[in-house]
Amino acid sequence: MRELQLPLPLRTARLVLRRFEAGDLDAYHAYHSLPETARFLPGDAKSYTQSMELVGRYANFAFGREGDWVCLAIEAADAPGLLGEVVLKWLPGRGQAEIGWSLAPAARGRGIGTEAAGALLRLGFEELGFHRIEARLDALNTASAALCERLGMRLESTQVDKWHYKGRWATEVVYAVLAQEWAREWKATAI
């Protein structure tokens, strides 16, 4: 399958979602090197070399088949500078995807994650034609669970002690929304 041409950058009332650039490296590393950022992500806080590899991968993604993913940099529309990222992964199975996000500390608690994730859901449903998009979270990640709920995603499952990472068992919660639910609740909403 050929790479899909995504309508980038995505724009919302306050944000621009775009491909990563080399100039994003220091800002990306600044928040991904923090234990508080890594708390609910696979792996530990990132080294500078790991951050460099990831920013390079994010800048050069291809999106055209199952298993591919797009990771977009989030910045304010009125001020350049990396605020975080949103990710959409094309899952196996017809029309399935997973969404995720990570924000710099200064961007948290301001509705930026909700606005950015909403724009990515819109891309997934309206441009890419996905049927279902889910988010998988550690049950202790209450901030991301609240974000899912603000987006109209429903809690589908709670899987006790599903993951063993960072030295402990973690309960996974899965939130999801279907294309028709998204259209009914959000299509007319300017996120």
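This is a predicted model: local features need pLDDT of at least 70, side-chain atom pairs count only at pLDDT 80 or more; totals for chains, interfaces and linings use all residues.
Contact here means that heavy atoms lie within 4.5 Å. For each one, we'll look at where it sits, how buried it is and what it touches.

**Glu172**
- Glu172 counts as buried because its relative accessibility is 2%, and the cut-off for buried is under 20%.
- Its side chain has a polar contact of 2.7 Å with the side chain of Arg136.
- The side chain of Lys162 also pairs up with that of Glu172, through a polar contact of 3.2 Å.
- If you skip the neighbours within four places in sequence, Glu172 is in contact with Arg136, Leu137, Ser157, Thr158, Gln159, Lys162 and Trp163.

**Arg18**
- Asp24 and Arg18 are joined side chain to side chain by a polar contact of 2.8 Å.
- Glu75 is another partner: its side chain makes a polar contact of 3.2 Å with the side chain of Arg18.
- Leaving out neighbours within four places in sequence, the residues in contact with Arg18 are Pro9, Asp24, Leu72, Ala73 and Glu75.

**Worth a look in the structure**
- Which side chains make polar contacts with the side chain of Arg18? They include those of Asp24 and Glu75.

How values were computed: Residues are numbered from 1 along each chain as its sequence is written. Side-chain values use heavy atoms; hydrogens and water are left out. Buried means under 20% relative accessible area, exposed over 50%, partly exposed in between (1.4 Å probe, protein chains only). A polar contact is a pair of N or O atoms within 3.5 Å; within protein, one must be able to donate a hydrogen and the other to accept it, and residues adjacent in sequence count only if both atoms are side-chain atoms.
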